[in-house]
Amino acid sequence: MYHQASWDEPLLIERSHPGKIGHLPTLPSELEKKTVGETSRLVPASLRRRGPPPLPELSEPEVIRHFIRLSQENYSPDLGIYPLGSCTMKYNPKSSELAVQTPKLEKLHPEQDESTVQGMLALMFNLERILAEITGMSRMTLQPAAGAHGEYLGCLIMRAFHRSMRELDKRIEMIVPDSAHGTNPASAAMAGFKVIVVPSNSDGRVDLDALANVAGPRTAGLMITNPNTLGIFEKDILEIAEVIHNAGGLLYYDGANFNPLLGKVRPGDMGFDIVHLNLHKTFATPHGGGGPGAGPVGVTKALERFLPIPLIEFDGKKYSYNYHLPDSIGKIREFFGNVGILVRAYAYILNLGSDGLKVVAETSVLNTNYVLSRVMASGLYELPFARERKHEFVLSAKSLSGQGVRAMDLAKRMLDHGVHAPTTYFPQIVDEALMIEAPETESLQDLDLLVDTLISVYREAQTSPETVKSAPHSTSVGRIDDVKASHPKTLTLHWSIRSSESRGSDAS
């Protein structure tokens with residue numbers, strides 16, 4: 001990320017040369033022939049390969065060097081500050097990684113008899129109870145594979161609840177604030193609800209009058225996070241809950257912004273009926289790269305019967321699977337979800353303890369407000385809505401429009417300073433938005449680097465806008481054509497494997 005690469009790394013297939021070997025045989029030659037021969041007789045002729053797969057032929061050093069070079073082009077919280085607002089890209093402690101790197105976990109099979117996996121069941125049972133206590137819920141399911149997956153499950157639970165009340169045919173609307181995460185309306189729509197958007201007031205909070213006007217007999221529920229995506233705490237949350245409950249709806253908590261509340265306030269005590277948690281955002285499990293993830297969902301006592309099966313029970317002597325939930329929505333994920341992620345979260349919680357979790361919340365709020373105070377003292381960026389923020393805030397760079405500079409340009413220029421860019425253009429209620437979060441794992445030096453970079457690129461945009469608009473300049477890849485990269489007709493994401501004998505014909 002820091003320096004322009006001096007080489008153009010080819011694909012492994014392009015480096016391939018016939019006859020190169022990067023491994024040692026695993027079986028003696030005679031035994032290998034016998035084993036392969038016996039196996040081949042068991043496979044129908046129509047399914048057998050006519051020859052070996054056309055994989056690259058390379059030495060071990062070539063393979064290792066290829067992947068090391070690629071890793072050096074990546075950026076992660078292990079390398080530096082990663083201030084993506086809403087995403088909480090914080091450092092993951094390596095002690096949690098060690099907890100999953102054991103054959104005792106790696107060799108478990110999800111279809112083993114429950115009597116042989118008592119330790120794993122105990123871990124998941126205890127984790128569920130801990131997360132339920134933290135959120136103020138009655139029971140949790142650990143199955144969902146991510147936060148959006150948890151949202152979808154929450155919407156299905158709402159459907160099941162209203163069906164049990166014989167009101168599903170009229171409870172067709174899901175209320176979502178205009179500052180909500182983009183996955184909220186998507187999850188509601190996937191579950192069959194019509195999305196009703198409620199606007200924010202001048203402080204950036206839910207407009208109570210507007211909410212009261214749209215809540216009614218068609219309301220299935222409200223999906224909201226607190227603090228919201230602006231980093232502003234919804235101080236009227238009890239009144240919001242009352243409006244929704246009086247209308248016969250349910251209140252859903254998007255746990256993406258749970259960091260500043262950890263050990264301080266529980267969604268259940270605010271009136272929420274359903275909660276999901278992003279373990280990768282709050283409980284320091286890996287985030288990004290396509291997964292795996294985990295988004296446990298908790299519910300109040302009245303909604304327990306709708307949770308996915310199986311639940312894990314403990315009778316004082318042994319742990320067991322409970323499939324006897326006639327009103328369950330069914331399964332939302334095969335087996336028990338991404339168990340490795342759950343183990344990491346469990347290790348993280350046990351390492352910190354209840355007092356440590358509170359420090360996480362306090363430090364996340366402190367770090368973000370330190371950054372915000374320094375940025376606002378510069379007098380450069382605008383801060384829409386209320387000044388009070390929790391773990392994140394959203395700046396506006398619209399004052400640079402006269403120079404033709406946009407928020408995306410500032411974000412790209414930050415890469416040249418060795419700092420990952422904030423989230424851009426979200427939430428959409430802020431023009432030229434830069435959404436910033438300073439996780440609790442960052443040092444004062446890194447926070448100052450972030451602030452200095454934000455100030456530097458803004459001032460450079462005032463004096464040398466073309467330099468900012470053409471950034472980045474020192475990364476291994478320059479400015480990407482965003483339109484072309486996102487258009488299915490102009491983007492090719494596949495290649496043909498070519499034989500080692502002829503690079504001119506496909507061998508797939």
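In which loop does I172 lie? I172 lies in the loop that runs between α7 (147-164) and β2 (173-177); helices (H or I, at least four residues) and strands (E, at least two) are DSSP runs numbered from the N terminus.

The model is predicted, so local features need pLDDT of at least 70 and side-chain atom pairs count only at pLDDT 80 or more, whereas totals for chains, interfaces and linings use all residues. Residues are numbered from 1 along each chain as its sequence is written, and side-chain values use heavy atoms, with hydrogens and water left out.

**View 1. Surroundings of I172.** I172 counts as partly exposed because its relative accessibility is 36% (buried is under 20% relative accessible area, exposed over 50%, partly exposed in between; 1.4 Å probe, protein chains only). Leaving aside residues up to four places away in sequence, I172 touches F193, K194 and R218 (contact: heavy atoms within 4.5 Å). R413 is 241 residues from I172 in sequence, and their C-alpha atoms are 45 Å apart in space.

**View 2. Cysteines C87 and C155.** C87 is partly exposed, because its relative accessibility is 23%. C155, at 0%, is buried. The whole structure contains 0 disulfides (pairs of cysteine sulfur atoms within 2.5 Å).

View 3. L42, V43 and L47 together form a nonpolar surface patch with about 330 Å² of accessible area (Shrake-Rupley method, 1.4 Å probe, for residues only the protein chains shown counting as cover). Patch residues have over 30% relative accessible area and no salt bridge, like charges being joined within 9 Å and nonpolar side chains (Val, Leu, Ile, Met, Phe, Trp, Tyr) within 5 Å; a salt bridge is a side-chain nitrogen of Lys or Arg within 4 Å of a carboxyl oxygen of Asp or Glu. L47 is found in the loop between α2 (29-42) and α3 (60-72), and its 64% relative accessibility makes L47 exposed.
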